[in-house]
Structure formats: structure tokens, C-alpha cells
Amino acid sequence: MRIKDMAKDKIIIQKQNGKIYECDNADIQKTKAFIFCGEIPLEEYDIIIHKIREGYEREYVVTNVGYYEKTFGPHYQADIESKKVFDNKQNETLINDINVNANNSKVNINSIDNSINFIQIPFDEIYEKLEEIEDETVRYESIKCLKELEESNDGETYKNKYVEFIGILSDHMTIIAPFIPILTIALSNCL
């Protein structure tokens, strides 16, 4: 007796495009399907419907085709997986590609953020940059304003000193440009 003759499982192969093929010479096991209908084009992700008995069938997904022509004639030795298990795996495969680039960046997924952000403003570096200003009046006023900004204890004072500081240096933005983001973050935290 040939192996093909022993394979008596009846199956339906449902292609991804909806086309259906029937085969009466298959042997369906838990993770393997031996299909002796080599003329049927089988592809990964095709659905195999195994008709076990009247009104009862199981569905599998082809995960690896495995086509062979020699020894037993044209046939498939396909790797299969229960459609329920396969679908659950597909639903569980969740990829979060998150890129965060900022000071005090955080990602909260299904959670509440109760953390407190502390911002360290590099005042020493800002003072050094202000010393580069050639106009003595602007240099003096900007250093004085920065000192008051650094010593401010409440949001309203910080906001007023920030606006004054930016106003004094409106003609010298290239000097303080690297520090504007951190000063602005501190301003938004005060409001």
C-alpha cells in the first residue's frame, strides 16, 4: 500500500484570495500536514480546513509549505498551526517603536505619571556666554536680569524675568539660542 493511499483526511485549502481547493488525500497531524494533492498551489498563510466528521472541522494556518516531488510523488509536508493559536499570536505581536528626544522625556503606557521633573538650568554656562557680549550696557543688563531669573521663587516672577531677559538680548539671540529651550521648559513648568 502506498503512503498516498493511507492519507485519507479530507481537507479544504482556502487561499488568501478566497479561492478554494479540495483534497481527499491528506494526513493532518498536530503541527504537520501531509498533502498528496501536489497540483494544488499551497502557500504560507493559506487556511487548511480539516473535515473530521460531519459538522466538525478544525482550521489550520500553513506556516511553511515544504513541497516535495520525489519518493512519494508530488506532495506537501507543510508545517501548520491551529488558526486560533496563530490568530492569538498575531494579536499579541504588538510593536511599539517609540523615539523620545527631549529633556525629562517619558513614555507612559496605560499608566499615570506621578513623577516630578527637575530641570537643571546651566546658569554658569549662560553667564559665560553673556560675558562675550561687547556692548557693556546690554551685557550688564542681561547678567543682572539672569541673576534675578535664577533667584526667582515663583512662576510669575520667573515669567516676567524671562520676558525681560529675552527682550534685552533680542539683538544677541545667537549667543543664548542654545539655552532658550531649557529656559522655556522651566517657564512652562512655572505656569
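Good morning. The structure is a predicted model, in which local features need pLDDT of at least 70 and side-chain atom pairs count only at pLDDT 80 or more, while totals for chains, interfaces and linings use all residues. Residues are numbered from 1 along each chain as its sequence is written, and side-chain values use heavy atoms, with hydrogens and water left out.

I begin with the charged pairs. Side chains of opposite charge can pair when their charged atoms come close. A salt bridge here is a side-chain nitrogen of Lys or Arg within 4 Å of a carboxyl oxygen of Asp or Glu. Searching the whole structure on that basis gives ten salt bridges.

One of them joins Asp 46 to Lys 15, with the closest N and O atoms 2.7 Å apart. This pair links distant parts of the chain, 31 residues apart: Asp 46 sits in the loop between strands E3 (32–35) and E4 (47–53), and Lys 15 in the loop between strands E1 (9–14) and E2 (20–28). Helices (H or I, at least four residues) and strands (E, at least two) are DSSP runs, numbered from the N terminus. Are these two partners buried or exposed? For accessibility, buried means under 20% relative accessible area, exposed over 50%, and partly exposed in between, with a 1.4 Å probe and protein chains only. Asp 46 counts as buried because its relative accessibility is 0%, and Lys 15 counts as buried at 8%. Lys 15 and Asp 46 also belong, with Glu 43, to a network of salt bridges.

Another pair lies within a helix. Asp 87 and Lys 83 form a salt bridge at 2.8 Å, N to O. Both are in helix H2 (residues 83–92), four residues apart, about one turn of the helix. Asp 87 is partly exposed at 28% relative accessibility, and Lys 83 is partly exposed at 24%.

A further salt bridge connects Lys 129 with Glu 132, the closest N and O atoms being 3.8 Å apart. Lys 129 counts as partly exposed at 31%, as does Glu 132 at 48%.

I turn now to helix H5. Helix H5 comprises 14 residues, 155–168, and spans 20 Å from first to last C-alpha, close to the 20 Å expected at 1.5 Å a residue; the expected span is 1.5 Å times one less than the number of residues. Which residues of H5 are buried? They are Gly 155, Tyr 158, Lys 161, Tyr 162 and Phe 165. These residues lie on the same side of H5 because they cover an arc of only 130° around the axis, the arc being that of the directions from the helix axis to the C-beta atoms.
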